[in-house]
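Please keep the sequence and the structure in view while reading.

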Amino acid sequence: MCRAAPDHNQDVSRHDIAPGGNEMALATGERRQGFRPSLKGIGAVLGTGALVWGALAVQAAIVGERQESTTARLEQQIAQVQAGPPAQAQRYTTEVSDQAKAQPFDATLPPATTAPVKEITLTATDDTIVGIAKDINFTGWTFGGSVPAKPLRVRQGDTVKFTLVNNGKVGHSMDFHAASINPGAAFKTVLPGQSFSFEWKAVNPGVYMFHCGTPPVIEHIGNGMYGAIIVDPAEGLAPAKEFALVQSEYYLDKKGEVYTGHVGKMMEGTPDYVVWNGMANQYVASPLKADPGELIRLWVVNAGPSQTSAFHVIGAVFSAYYPDGNLANKQVGVSTATIPAGGAAMFELTIPDAGTYPFVTHSFADASKGAIGVLQVGTPAAGEADGHTMDAPASGHGSAAAVKLDVTMLDNKFAQPQLSAKAGEMVSVNVVNKGSALHNLRIAGVPGDGGKDAQSALLTGGASGSFTFTPAKAGTYKFICDVHPVEMTGTLTVK
Ligand SMILES: [Cu+2]
């Protein structure tokens, strides 16, 4: 049920969303009547950049966005995209930022209040600096001054009275995936300096994305305008340790000291960072904490704008997985679940043994760009470096007589890519991670403890560990880091 607020904002009505509108504003202010995008026709005229033009024009035409500044921006972006693909992707550090160290994004989730009407106001900004990674500051576009927005929580049956205040320099809007509402009336663009209210009823329980839907949507989401809203089911939920996690991508352009969003990279789908709750690897440095045997509930949104998440907790299986967070969607015994861009899911798990359990998108190209966090269950075992290492496989061998090998991990290579050992002779490997990313060392095809490949624990930056194995047969064996299996490889020669 939508009720447009009686015009705070006369101007907004002029900029109303008109689905099916076929008029496009040009930067000159002139309007092109009867604009009917034809990819083929445009392609013939404009050449290779045309598909992108087509995509943006269709989007703009469909939504009928007529705001001059947005249109000018759109044309700039088209020019940018037409200028060619982005420069070869640079690898940025995934070491946590000073901001993430000082104040990691709070992933804990307080319960919803019992008020049947939830009045929520969010302020849009487009100049909020976010410390994505060490020495990488980014001009975020936000709801409420953080990327992502702080999670919202209501109960099924509540009425949400929502107000968007636009303190930004361009138009912004709010699209609640949890709402069933006429988007043309409710999700419309609000001009800078103005505000707009609408209300909706939280009918469907679960977890949903919300985001700015002002064209080009990819830019507004790519710059940070999104968050999670949880709608508790009417029947309630079992008590649990709850966390809200939003996966999203950053695409960087260098403008002075502070980075801005690179729309060309967004269109190419080549993110520089993929992160949990806005900052690279922040929960590796500051793990989320739970107790052994405690029910853990994770509300996970994939804000995109474009990547698919393959959500997984290393060393655990979800006792229940609910697509969109609706209890009616229950699946059990799930290790890894797909969360599409714009989608969400709720996961429940119980971890019996104390230890360090990383949560990742198992699309490892993305995990290695910052989408790794850690669930710290119980207190770290003695000997675990600064509490962030996984338990090393217990060694059943005395290591006194073992041959010692030292391996140093860097970002992203092994400092000793060639190792050698003798068949039948026990080897003790000491590994130290001198990089900032999460690494391990696994020797493929050489049995270690418990029938698995001989391997170290997953080690955070600065941590160290050790493991032993006794190679049975001569040969050459490849060792890799499971987090960086392409770049981090080496060879063990057994004579
Ligand atoms: Cu926006």
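## Overall make-up

The model is a predicted one, and in it the protein has ten helices and 31 strands. Of its 495 residues, 47% count as buried. Among contacts between residues at least 6 apart in sequence, 75% join residues that are at least 24 apart.

## The largest nonpolar core

The largest nonpolar core has 121 residues, and those with the most contacts inside it are Ile132, Ala228, Ile229, Val275, Val300, Ala344 and Phe347. Strand S16, which spans residues 295-304, supplies the largest share of this core, with six residues. The core also draws at least three residues from each of domain 2 (89-379) and domain 3 (403-494). In soluble globular proteins, nonpolar side chains tend to be buried together.

How many residues of strand S10 (residues 226-232) are buried? Seven of the seven are, so S10 is largely enclosed by the rest of the structure. In a regular strand the side chains alternate between the two faces of the sheet. In S10 both faces are covered, with Tyr226, Ala228, Ile230 and Asp232 buried on one side and Gly227, Ile229 and Val231 buried on the other.

Strand S5 (residues 152-155) runs parallel to S10 and is joined to it by four bridges, with Leu152 having Ile229 as its bridge partner in S10. Strand S9 (residues 206-211), by contrast, runs antiparallel to S10 and is joined to it by six bridges, and here the bridge partner of Phe210 in S10 is Gly227. Ile229, one of the residues with the most contacts inside the largest nonpolar core, touches Leu152, Phe176, Ala178, Tyr208 and Phe210, when residues up to four places away in sequence are not counted.

## An open sheet of five strands

Five strands form an open sheet with mixed pairing, in the order S25-S31-S30-S27-S28. Its edge strands are S25 (418-421) and S28 (453-455), each of which pairs on one side only. From one strand to the next, the twist averages 35 degrees.

Within this sheet, strand S30 (residues 475-480) and strand S31 (residues 489-494) pair in the antiparallel sense over six bridges, and Gly475 stands opposite Val494 in S31. Strands of a sheet pair through backbone hydrogen bonds, either parallel or antiparallel.

Technical notes:
Residues numbered from 1 in each chain as written. Predicted model: local features only at pLDDT ≥ 70, side-chain atom pairs only at ≥ 80, totals over all residues. Core = buried A, V, L, I, M, F, W, Y, C linked by C-beta atoms within 7 Å. Buried ≥ 20, exposed ≤ 12 C-beta atoms within 10 Å, placed from the backbone. Helix = DSSP H or I, 4+ residues; strand = E, 2+ residues; numbered from the N terminus. Domains from an automatic or database assignment. Contact = placed C-beta atoms within 7 Å. Pairing = 2+ DSSP bridges. Axes fitted to C-alpha atoms, helices over the stretch in contact; angles between N-to-C directions.
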